[in-house]
Every structure is written in structure tokens, then in C-alpha cells.
Amino acid sequence: MGPKTARVYETIHARIASGEYVPGDKLPSERTLAEDLDIGRTALRQVLARLVSEGALEVRGRSSYRVAGGVSVETPVGLEPWQIHGERDLYDSRWVKLQLWDVEPPGVERFEHHVVKLHHVAIVAVLDDQDRVLMLWRYRFVPQQWGWELPGGIVDKGEEAADTALREVEEETGWRPDSVEHIVTYQPMVGMVDSPHEIFVGRGAQKVGEPTDLEEAGHVEWVPLSDIPGLMARGELMGSGTLVALLHILATRGRQGTTFAR
């Protein structure tokens, strides 16, 4: 790829990354793009073909390109939510609250359902410029198992989840991420447990010292992303937050290029 095609590749890539072109958007025509970016149609097609091969773009019909990641399924409408008639506490501590809720699904007699409330947490996958992710090898006494985890922890009252992500990485690993980006918020056991998990991806990090949270800290290592499928197959990745973050990274590697640190 020559200097001009490299420039055009970076320009289109930057427009996708910045949100100027959002998932599902149709790109301008080849003629419009060629004039806008001052490049010949043949060279432009080479750039577009590379972006397609990396998963950043999708081809729709002849010479029609869209940004990958668009959603075609429509949100269902007209469905009724469950009615909540009341709730009462059965147990409440610093770490966990157990409640009994009086609920009524549509068309079903009301009944009592246990609900567990846990903390709001943030988890972060920090990536370096060698396609490695910062991980901890830890022992978890509940499953009585060793395994690899991403750093993370409880979001303190009044604290932003992104600040929690930065703080926990430094406390547990001794590395400070250059930046973090929010990826998704999800509930790990949505049928009974309320515990929002916020997933972040960090890019680049500086070594600032040794871990200070000795209870949480384990063996710290930069693990190659190429090892993740094998570690998953061996059952050595622990925790839903670790799995969600790493699966997101593996799924989007083609769209974002093979190097995550900028």
C-alpha cells in the first residue's frame, strides 16, 4: 500500500472510529469518496477491499459499502412487563442483600420470587501494542480453582465506573492504563441477581509500581491474545466479566486492526 492509499485507509478508518461513519451507515459512492479523498477509483477499491477483509466494512450489492456492526432486527413492541407488587428484605449486609419480591407475569398468577442484590462493578481489559492483555492468575476459594482474570472491582458510591476501572488496574497490577473506553454494561445472572457489570477496554499502560491491593493481587502477566481461545478451552478464564471483555476483543479485532494500543 503506497503513501496515498495508506492516507486514505487511515482517513476512512478514523471516520469509523470517531463515529462519523456509524455501524450500518452506507458509505458515499466510490465517485464521491474518490473526489473527496483525492484518490483514483482503482486505488480506492484497494483500500475498501482491505477494510472489508478486516471486517470494518461490509459489501452490500455492487460497489455498495456499509460500516460493519449494524443491526437489522427490530425491537419487539406490544409486550407487557411483569408487575411488581412489593418487596421485603430477608437479609442485608455490606456485601449482599437478599429480598423476596411479589411479582405477577402477564397472564400468570402472582407469586414470590427471590432477588439477590450485589455491588455495581467495573472490569477492564488493558491491551498493549504487542496484542497482549493484562491479566491476573488467581485462586478463587468458592469454586476452589486457579485461573486467569481481568482486573476490576466494586464501584464506590459517588465514583464513576471509568475511574473505578483505572483505580482497580493500578491497585491490582501496578500498571496504569493510558485510557479506558466503555464497551458494555450487562447483568451476569439477570433472572435473579442484580449486579451491573461495566466492561472497559484500556489501551496502553505505564508501570507505576507494585500492586497495593494484596488481597486481590495475584501473579500479573501480559497474556498474548492468541492464547485466549486455548485458555478458554482449558477452562482457565474465570468470571463472566473476563469472558465478556475478551470475547468482545476477539470479535472486533478484524474491524479495529490487529493492534489495539495507539
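Does Asp38 count as buried or exposed? Before I answer, a word on the source: this is a predicted model, in which local features need pLDDT of at least 70, side-chain atom pairs count only at pLDDT 80 or more, and totals for chains, interfaces and linings use all residues. Residues are numbered from 1 along each chain as its sequence is written, and side-chain values use heavy atoms, with hydrogens and water left out.

Now the answer. Asp38 counts as exposed, because its relative accessibility is 54%; buried means under 20% relative accessible area, exposed over 50%, and partly exposed in between, with a 1.4 Å probe and protein chains only. Asp38 sits in the loop between α2 and α3, the latter being residues 41-53. Helices here are DSSP runs of H or I of at least four residues, strands are runs of E of at least two, and both are numbered from the N terminus.

The backbone of Asp38 also deserves attention. Its phi is near 55 degrees, a positive value in a residue other than glycine. Most residues other than glycine have a negative phi. Asp131 is another non-glycine residue with a positive phi, of about 60 degrees. Asp131 belongs to the loop between β6 (121-127) and β7 (132-140), and with a relative accessible area of 16% it is buried.

Let me turn to helix packing. Two packed helices are described by the angle between their axes and the distance between the axes. Axes are lines fitted to C-alpha atoms, for helices over the stretch in contact, and angles run from 0 to 180 degrees between N-to-C directions.

Helix α1 (residues 3-18) packs on helix α2 (residues 30-37) at an angle of about 110 degrees, and their axes are 11 Å apart. That makes α1 roughly perpendicular to α2; angles under 35 degrees count as roughly parallel, over 145 as roughly antiparallel, 65 to 115 as roughly perpendicular and the rest as oblique. From α1 the contact (heavy atoms within 4.5 Å) draws on Arg7, Val8, Thr11, Ile12 and Arg15, and from α2 on Leu33, Asp36 and Leu37.

For α1 and α3, the angle is about 50 degrees and the axes are 9 Å apart. These two helices, α1 and α3, are therefore oblique to each other. Among the residues in their contact are Val8 and Ile12 of α1, together with Leu44 and Leu48 of α3.

The remaining pair for today is α2 and α3, at about 100 degrees with axes 10 Å apart. That makes α2 roughly perpendicular to α3. Glu30, Arg31, Leu33 and Ala34 of α2 meet Arg41, Leu44, Arg45 and Leu48 of α3.

Finally, the sheet. Strand β3 is joined by 8 bridges to β4 (residues 97-104), and the two run antiparallel. Within this pair, Asp89 is opposite Gln99 in β4.

Thank you for your attention.

Key. Two strands pair if DSSP finds at least two bridges between them.
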